[in-house]
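Hello,

Here is the structure I promised to pass on to you. Have a look at it first, and then read my notes on what turned up in it.

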Amino acid sequence: MSLKKIHMVAALFAGVLAFSSAAQASALDQFKSFVAGTKAARGEFTQQQMKKAENSKTSPLSSGTFVFARPGKFIWTYVKPYEQVLQADGDNLYIYDKDLNQVTVKKLGNALGSSPAAILFGSNDLEKNFTLSEAGTRNGLEWLNAVPKAKDSTFEKISIGLRNGTPEAMELHDAFGQTSVLLFKKFEKNPPLTAQQFKFVTPKGADIFNN
């Protein structure tokens with residue numbers, strides 16, 4: 001091989017390495033940019049628990065809408081297969097089951113902490129509660145892993161898939177070996193929202209339980 005060809009191959013190889021390094025770093029860079037630049041968002045989601053083994057059944061597909069404003073304000077609405085609302089106003093978390101016409105109220109406090117909700121709805125200080133690392137490219141998305149630092153977390157790992165600086169998928173790996181997959185669409189960053197939108201209004205006749 002001529003010296004010129006050797007130089008060309010070396011340059012091409014160096015370019016591939018540089019591209020590979022950039023791709024590996026892109027998920028973390030995209031995610032940090034998303035967290036820093038997205039104070040609020042809204043969109044639609046689907047959620048499904050995947051089967052653990054070949055003879056296990058995959059759970060029914062859930063779908064609905066979400067809206068959030070950092071820190072700690074969100075409305076996560078399940079529309080199908082049953083209606084349920086998880087709503088937080090920054091102080092309390094309200095869980096409303098429409099079929100039972102029942103509201104459970106919990107103090108938000110540090111509950112977000114190392115939970116999956118903290119990824120989208122929490123403060124910008126995610127690395128306080130999670131260890132973040134690159135997880136490569138899959139299904140056209142750049143992935144990263146977020147491992148909770150808290151030992152009492154029910155989740156072992158949260159994987160986030162991003163494209164063009166926006167989360168399109170999350171995989172929630174729990175301590176029992178189950179994986180829930182969330183897919184996001186119509187993700188709108190920083191829409192005009194007000195704190196009043198997140199104030200929970202108790203449905204007429206609903207039973208209220210405080211935890």
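Let me start with a pair of strands: E1 and E2 run antiparallel and are joined by 8 bridges. Strands here are DSSP runs of E with at least two residues, helices are runs of H or I with at least four, and both are numbered from the N terminus; two strands pair if DSSP finds at least two bridges between them. Within E2, Thr-65 is the bridge partner of Glu-44.

Before going further, please keep in mind that this is a predicted model, in which local features need pLDDT of at least 70 and side-chain atom pairs count only at pLDDT 80 or more, while totals for chains, interfaces and linings use all residues. Residues are numbered from 1 along each chain as its sequence is written, and side-chain values use heavy atoms, with hydrogens and water left out.

E2 also pairs with E3, again in the antiparallel sense, over 7 bridges, and Gly-64 stands opposite Tyr-78 in E3. These two strands form a hairpin with 3 residues between them, where Gly-72 in the turn has a positive phi of about 75 degrees. E2 is largely enclosed by the rest of the structure, because 7 of its 8 residues are buried (under 20% relative accessible area, with exposed over 50% and partly exposed in between, for a 1.4 Å probe and protein chains only). Ser-62, which lies in this strand, is buried at a relative accessible area of 12%. Beyond its neighbours within four places in sequence, Ser-62 is in contact (heavy atoms within 4.5 Å) with Phe-45, Thr-46, Gln-47, Tyr-78, Lys-80 and Pro-81.

On its other pairing, E1 meets E11 in the antiparallel sense over 9 bridges, and Met-50 has Thr-179 of E11 as its bridge partner. Thr-179 is also the bridge partner of His-173, in keeping with the antiparallel pairing of E10 and E11 over 5 bridges. The hairpin of E10 and E11 has 4 residues between the strands, and Gly-177 takes a positive phi near 85 degrees there.

The largest pocket holds about 910 Å³ of space. A pocket is an open set of points on a 1 Å grid over the protein atoms alone, where a 1.4 Å probe fits, with protein on both sides within 12 Å along at least five of seven lines; lining residues have an atom within 4 Å of a point. Of the 34 lining residues, Gln-47, Tyr-78, Leu-86, Phe-155 and Leu-172 are the closest to the centre. Elements giving two or more residues to the lining include E1, E3, E10 and E11, as well as helix H2.

What about the interior? The largest nonpolar core has 34 residues, and Phe-31, Phe-68, Trp-76, Ile-160, Met-170 and Phe-184 touch the most other members. Such a core is a set of buried Ala, Val, Leu, Ile, Met, Phe, Trp, Tyr and Cys residues joined through side-chain atoms within 4.5 Å. A second, separate core has 12 residues, among them Val-105, Phe-198, Phe-200 and Ala-206.

For the overall picture, the chain has 2 helices and 12 strands, and 40% of its 211 residues are buried. Of the contacts with a separation of 6 or more, 46% are between residues 24 or more positions apart.

Enjoy looking around!

Best wishes

How values were computed:
Points joined across faces, edges and corners; volume = space filled by probe spheres on them.
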